[in-house]
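Please read the points below beside the sequence and the model.

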Amino acid sequence: HVLFGRRGAGKSSLLRHVEAARRHDGNLVAWADQETFQGLSYPDVLLSTLEEAFLQFARQLREVAPASNSRGLFRRRKDGASSHERVARDLDAAVAQLATLKAAPSESEIEWTASIERSASSESAADREASLTKGPLSFRFGRKRSKADRHATSKNQTQRYRTTKAEHLERAVSNYRDLMLAVSSVVPDSFVILDDFYRLAEGDQPRIAGYFHRVVKDTSVWLKVGSIRYWTRLYAGGSPAVGVQVPHDIRELSLDRGLLDFQTSKRFL
């Protein structure tokens, strides 16, 4: 959901009430006030928001973890960690990676070196037997050989390419989605709340809303956004499309009331 309302209409109060109700029922609620990150440029603003959400989920998982019960549903594994603790550790690792990436330069050079070894043996036409190995795979076919001529080659291949923080984040979408699935497996129906979303740069809003939508989609982690309608841009179009579109990807709720519906506005105020 995206919750629209003018300043002072009660958006944050309503979302805080939702947060308190969900926490009381044992659910997780990650609250990210976007005003805190409004001075950051993209993608650092997204890195910081993800870091904050995962950090809060990890802390709350440890708070709601059931007591150890060797015979119960939540029995501990051989490593002594409950399912809640294992997911919390995965979240901790993601937080550490996000912190490292946030401190890294916007663009970096990656070097990838691969060592390829090939060996082969060829036989006489009468035997028709050969073997080939490439890396961990090997194949052999034919009958018993009578004589062989073997040779082996080894070659190193080095590739260098430049990448950006935004590309790192795109590669991590599936990993973060798996992380949200893990959260859902131990505590279903948890919330990510992005409040004061209008504080972010308008050009960054579709990318951040769209990224979080892809991460939590079909995971039982629900996204709630609080913002001001005319200062918010959730969808930027393009190919592929960027952002979330009302009502297909996200539903809209409004606290805005005007004089056209005077009695409703009076009751609301």
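1. Y235 is partly exposed, with a relative accessible area of 33%, where buried means under 20%, exposed over 50% and partly exposed in between (1.4 Å probe, protein chains only). This residue is found in strand β9 (residues 235-237), strands (E, at least two residues) and helices (H or I, at least four) being DSSP runs numbered from the N terminus.

2. The model is predicted, so that local features need pLDDT of at least 70 and side-chain atom pairs count only at pLDDT 80 or more, while totals for chains, interfaces and linings use all residues. Residues are numbered from 1 along each chain as its sequence is written, and side-chain values use heavy atoms, with hydrogens and water left out.

3. Leaving aside neighbours within four places in sequence, Y235 is in contact (heavy atoms within 4.5 Å) with P206, A241, V242, G243, V244 and Q245. The C-alpha atoms of Y235 and P206 are separated by 5.1 Å, although the two are 29 residues apart along the chain.

4. The axes of helix α4 (residues 165-186) and helix α5 (residues 205-216) come within 7 Å and cross at roughly 45°. On the α4 side the contact is made by L169, E170, A172, V173, Y176, R177 and M180, and on the α5 side by Y211, R214, V215 and V216.

5. Helix α2 (residues 44-64) has 21 residues, which at 1.5 Å a residue should span 30 Å, and the end C-alpha atoms are 30 Å apart, which agrees; the expected span is 1.5 Å times one less than the number of residues. Because 15 of the 21 residues of α2 are buried, this helix is largely enclosed by the rest of the structure.

How values were computed. Axes are lines fitted to C-alpha atoms, for helices over the stretch in contact, and angles run from 0 to 180 degrees between N-to-C directions.
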